[in-house]
Every structure is written in C-alpha cells, then in structure tokens.
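Here's a walk through one structure, meant to be read with the viewer open.

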Amino acid sequence: MSRGFTSYEKAVSFGQDLTFEFTASVFRKKELEFGEEEMKSLHLIENGRYTNLAFMLSDQFDAPVKTAMFQDAFTFLDRAEFQGSILEQFDGIMRFISGHNTKRSVIEGIDRKDTTAYPVVAVREAVLNALVHRDYSMQGTILISIYPDKLTISSPGGLNEIYSIDDLKIGISSTRNPNLANIMYRLGYIEAYGTGIPRIMKLYLHREEPEIKVSDAVFFISLPSMLFNDDRLESLLRSEDYITRSDLESIGYSRSAAVEKINSLIREGRIERSGGGRSTKYRVLE
C-alpha cells in the first residue's frame with residue numbers, strides 16, 4: 001500500500017552472503033521445501049543472485065522493529081528491538097505483545113470468560129500488515145507502542161494514491177511487496193489478501209473503533225484497549241448509586257456498546273432499571 005510503488009523486493013540484494021536458518025525452520029514446520037529451486041520460484045533468487053526479498057527473509061536482515069510498553073506517554077516499562085528474518089521479527093513481536101497483553105477473567109454463570117486488552121487476532125493482523133506492506137526502500141522503523149488505553153503501530157509507507165482508508169476497511173487494497181505477501185500466504189500467516197483490516201474492524205464492532213491515519217510516508221493504526229473503558233466503568237459503579245447510558249458514553253463507550261454493556265450488567269445482577277423515559281436510570285446493586 002503506497003503512493004508510488006517501489007520494486008525493493010525484486011532488486012538484487014547488496015549482500016549475497018546470506019543464511020536462512022530461521023526461515024528454513026518455519027518452512028520445515030509447515031512441511032514445505034525450501035531448497036534452491038523453491039527459492040527461485042518464490043523470487044528469492046533471480047539470475048543466480050539473491051534478491052532483496054531473500055535479504056528480508058535472511059538471518060542478516062537489519063531493518064529493525066522497535067517495541068515498547070509505556071506506563072504513560074513518557075515513562076517506559078519495557079522495550080525490545082527485533083532484527084533478522086521478517087518471520088523471526090514477527091515471532092518476537094507477538095511474544096513481546098503477548099507478554100504485555102493484560103488478561104481479565106469474568107465468571108458468567110458457571111463459565112469463565114477471558115478477555116484480553118487487545119484481541120490476539122487483531123494484533124496479529126495489524127502486525128502482519130505493518131511487516132508485509134511497509135516500504136522497505138524508505139529509511140525508518142516500524143514502531144509498536146503499548147499504552148494503558150491503546151496499542152499503536154506505525155510503519156514507513158503510505159497508501160497507493162488511488163485508495164482510501166474507507167477502501168481498506170472493506171477489503172480493497174494493493175500490495176507493495178506481492179512476493180513477500182505470497183510467501184506469507186503459503187506459510188499460513190495470511191489467510192486471504194485484503195482481509196486483515198476488515199477483520200480488525202469486525203473484532204471492534206460495538207466498541208470504540210480502531211483509528212487509522214495515513215500520510216505519504218507513514219501508515220498508522222491504533223487499537224483501543226478493550227479493558228480500559230471497563231476499568232473506568234468499575235470506578236463509576238463504585239462511586240455512583242445510579243448510572244445512565246450517557247454516563248457510559250462519557251467514559252468512552254459508543255452508543256451501541258453502552259447499551260450492550262448495560263444489558264450485560266443487568267444479566268449479571270449488578271444494576272437494575274429504575275424508571276423509564278429518554279434518560280433511563282439504573283440503580284447500582286453493589
């Protein structure tokens with residue numbers, strides 16, 4: 001997805017002394033061959049020389065991804081940097097985020113429902129989008145930041161000028177690195193082209209919607225924490241005798257999400273309806 005496609009992945013790699021231990025291990029796990037003939041058919045080798053695509057999948061790849069967890073806008077709690085094969089970077093990034101993806105368990109009847117701050121599928125799709133679609137010909141770094149209320153990812157490279165953010169949300173897009181995307185598809189990282197952003201948006205249905213921003217040089221996505229509004233709701237329930245739907249909207253819930261949460265709280269026996277009309281109040285039972 002870019003304004004003015006590049007052919008970075010097709011160009012001959014400056015370095016030819018490459019190894020592929022991590023990438024080869026992934027192919028073995030998927031029971032796929034990764035010999036010279038396969039590398040040629042996948043465009044890692046052209047005219048007997050390694051391409052930049054090969055470099056991107058090699059152990060020597062040196063375009064880093066930087067990740068960090070913040071206590072607030074300025075205070076680091078943890079950070080890590082990942083280099084090497086894009087496949088190895090993906091593995092490291094997902095482990096880092098998983099280690100900081102807050103989980104909460106709620107008992108509903110006889111069942112336990114586990115919720116993470118950031119849906120694993122949404123995180124996976126957002127990270128893959130950054131790795132597969134970034135412009136590797138540009139100077140810059142993929143930056144992944146985890147805050148108390150959001151997870152943000154920015155990557156070098158904007159959109160193809162004929163596409164808009166609304167196009168992305170319905171699955172219309174173009175691929176800057178089609179050969180890399182093809183390999184990720186063969187390995188099962190990508191299920192189908194153009195489905196990543198729509199899948200993310202669907203996971204946030206009735207929730208605060210992820211924010212997407214694009215410039216000529218950067219693609220940015222912010223995933224809201226699914227637990228942050230609930231934390232503020234708990235504070236509201238502790239401090240008030242009555243709440244309204246508008247109270248939930250004031251702390252970040254969309255209108256539909258507020259209605260859904262109120263119905264859930266009624267089912268859990270935490271609130272009960274108290275009066276009707278346009279500003280229905282609900283008495284807090286705890």
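## Starting at T244

T244 touches I262, T280, K281 and Y282, leaving aside residues up to four places away in sequence; a contact here means heavy atoms within 4.5 Å. T244 sits in strand β11 (residues 242–244). Helices (H or I, at least four residues) and strands (E, at least two) are DSSP runs, numbered from the N terminus. Because its relative accessibility is 16%, T244 counts as buried. The cut-offs are under 20% relative accessible area for buried, over 50% for exposed, and partly exposed in between, with a 1.4 Å probe and protein chains only.

A bit of housekeeping: this is a predicted model, where local features need pLDDT of at least 70 and side-chain atom pairs count only at pLDDT 80 or more, while totals for chains, interfaces and linings use all residues. Residues are numbered from 1 along each chain as its sequence is written, and side-chain values use heavy atoms, with hydrogens and water left out.

## The six-stranded sheet

In what order do the six strands of the open sheet run? The order is β4-β3-β7-β8-β10-β9, with mixed pairing. Two strands pair if DSSP finds at least two bridges between them. At the edges are β4 (76–82) and β9 (211–214), each pairing on one side only. From one strand to the next, the twist averages 10°. Axes are lines fitted to C-alpha atoms, for helices over the stretch in contact, and angles run from 0 to 180 degrees between N-to-C directions.

Now go along the sheet pair by pair. β3 and β7 run parallel and are joined by five bridges, with V65 partnered by I142 in β7. β7 and β8 run antiparallel with four bridges, and these two strands form a hairpin with three residues between them. S145 stands opposite T152 in β8, and T152 in turn stands opposite S222 in β10. Seven bridges join β8 (residues 150–156) to β10 (residues 218–224) in an antiparallel pairing; P156 is opposite V218 there. The bridge partner of E211 in β10 is S222.

As for burial, β10 is mostly covered, with five of its seven residues buried. β7 is mostly covered too, with four of its five residues buried.

## Helix α4

Helix α4 (residues 86–99) packs on the sheet, where it touches β3 (65–70), β4, β7 (142–146) and β8. Its direction makes about 170° with that of β4. The buried residues of α4 are I86, L87, Q89, F90, G92, I93, M94, F96 and I97. An α-helix has 3.6 residues a turn, so residues three or four places apart point the same way.

## Two helix pairs

Helix α1 (residues 21–29) packs against α4 at an angle of about 80°, with the axes 8 Å apart. That makes α1 roughly perpendicular to α4; angles under 35 degrees count as roughly parallel, over 145 as roughly antiparallel, 65 to 115 as roughly perpendicular and the rest as oblique. F22, T23 and V26 of α1 meet L87, E88 and D91 of α4. By class, the residues of this contact split into three nonpolar, one polar and two charged. Ala, Val, Leu, Ile, Met, Phe, Trp, Tyr, Cys and Pro count as nonpolar, Asp, Glu, Lys and Arg as charged, and the others, Gly among them, as polar.

The axes of α5 (residues 120–133) and α7 (residues 178–186) come within 9 Å and cross at roughly 140°, so α5 and α7 are oblique to each other. L128, L131 and V132 of α5 meet L180, A181 and M184 of α7. That contact has six nonpolar, no polar and no charged residues.

## Two positive phi values

H43 isn't a glycine, yet it has a positive phi of about 70°. H43 lies in the loop between α2 (36–41) and β1 (45–46), and at 32% relative accessibility it counts as partly exposed.

N47, also not a glycine, has a positive phi near 55°. N47 is in the loop between β1 and β2 (49–50), and N47 is exposed, with a relative accessible area of 81%.
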